[in-house]
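Try each task before reading its solution.

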Amino acid sequence: MENEEVNGDLNFDNRIQLDGLKESVEQIKSELRNVIIGQDNFVELLIVALLADGHVLIEGVPGIAKTVTAKLFAKVLKTDFSRIQFTPDLMPSDVLGTSVLNMKTSEFEFKKGPIFSNIVLIDEINRAPAKTQAALFETMEERQATIDGITYKFENPFMVLATQNPIEQEGTYALPEAQLDRFIFKIKVDYPSLEDEIKIIASHHERKGDAPQSRINAILDTKSLEDYKNKTQAIVVEKKIIKYIAEIVSKTRNHPHLYLGGSPRASIAILNTSKAFAAINGRDFVIPEDIKRALNPVLNHRVILTPEREMEGMSTENVIEMIVQSVEVPR
């Protein structure tokens, strides 16, 4: 009897029409699978972050297609794309732009930097010094840049995809907590499985030198994307689900294994991304599984282990799982 009731609840007609959104998401995944093999979770998290209007930090060792995936993800969207390679000598003006004297008018004109785009890939973000990293603060949070007292607004969509290598520390500058908090997700990309690696090698051989971009077609335009974002924001979230998010994040602040817990910004990030998870699954309401799906990528760069637990080899994911187990799931 209980199962019949549950099935009845799940089969009602959606109040928000999500068929087009779900179909577009499947098309994006299918298109990227033409080149990107074994990274379905990575791709899904990028789509969720896009719908939630957030930025993404991508962490992984060299050679596992972090940059290629980010570039191809930008190509499936009919938007502008720019790539910035961060280096130790990169200045803020190299990112934001600079004022140049126009000899004809004898006036300074602002030449926009590469950050003025829709999808911006920042390769090796931890290579640039703090001064250049700080130039991203305003752009990522407020989607604008202020140069010489004049504020320039960015066009929608605006999404930063930043990569970093967790292994090599020489010549790098660790991102401060305030910078990390600007990223809605930190996606940890692992090595592929043996089966996937065989497919990757075979796929590369079959391309016979063709660029990966040549196999990717644009799927989603700006107008449709804005419509899907608005629908995602309208997803229903019950009070007990909001309480569930608050209880989990609150427990990160007084957990004995954590030195630093999540902020209210983390709670809002979980809310927004759980709505996106619901939307891409064709549901117009959030369930506890959506929250659980969002927790690791939202929290793993916002919470810090105590030194003792870190020395023992414990991970933030372990602690997040402990917290989830200790909080009652809403019914």
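**Exercise 1.** At what angle do helix 11 (residues 264-280) and helix 12 (residues 288-299) pack, and how far apart are their axes?

*Solution.* Keep in mind that this is a predicted model. Two packed helices are described by the angle between their axes and the distance between the axes. Here, helix 11 and helix 12 pack at about 130 degrees, with axes 8 Å apart. Angles of 65 to 115 degrees count as roughly perpendicular and those over 145 as roughly antiparallel, so helix 11 and helix 12 are oblique to each other. As for handedness, helix 11 passes helix 12 in a right-handed crossing. Residues making the contact include Ala269, Thr273 and Phe277 of helix 11, along with Ile291, Leu295 and Val298 of helix 12.

**Exercise 2.** Classify the ring pair formed by phenylalanine 116 and phenylalanine 154.

*Solution.* Begin with the whole structure, where a search finds 5 aromatic pairs. In this pair the ring centres are 4.7 Å apart and the planes stand at 70 degrees; planes over 60 degrees apart count as edge-to-face, so that is the class of this pair. Next, place the residues: phenylalanine 116 is in the loop between strand 5 and strand 6, phenylalanine 154 in the loop between strand 8 and strand 9, 38 residues apart. Both phenylalanine 116 and phenylalanine 154 are buried.

**Exercise 3.** Which residues form one aromatic cluster with Phe154?

*Solution.* Phenylalanine 154 also forms an edge-to-face pair with phenylalanine 158, at 4.6 Å between centres and 65 degrees between planes. The cluster is made up of Phe110, Phe116, Tyr152, Phe154 and Phe158.

Terms used: Residues numbered from 1 in each chain as written. Predicted model: local features only at pLDDT ≥ 70, side-chain atom pairs only at ≥ 80, totals over all residues. Heavy atoms only, no water. Phe/Tyr/Trp six-rings, centres within 6.5 Å; stacked < 30°, edge-to-face > 60°. Helix = DSSP H or I, 4+ residues; strand = E, 2+ residues; numbered from the N terminus. Buried < 20%, exposed > 50% of the residue type's maximum accessible area, 1.4 Å probe, protein only. Axes fitted to C-alpha atoms, helices over the stretch in contact; angles between N-to-C directions. Parallel < 35°, antiparallel > 145°, perpendicular 65-115°, else oblique. Left-handed = near helix turned anticlockwise from the far one by under 90°. Contact = heavy atoms within 4.5 Å.
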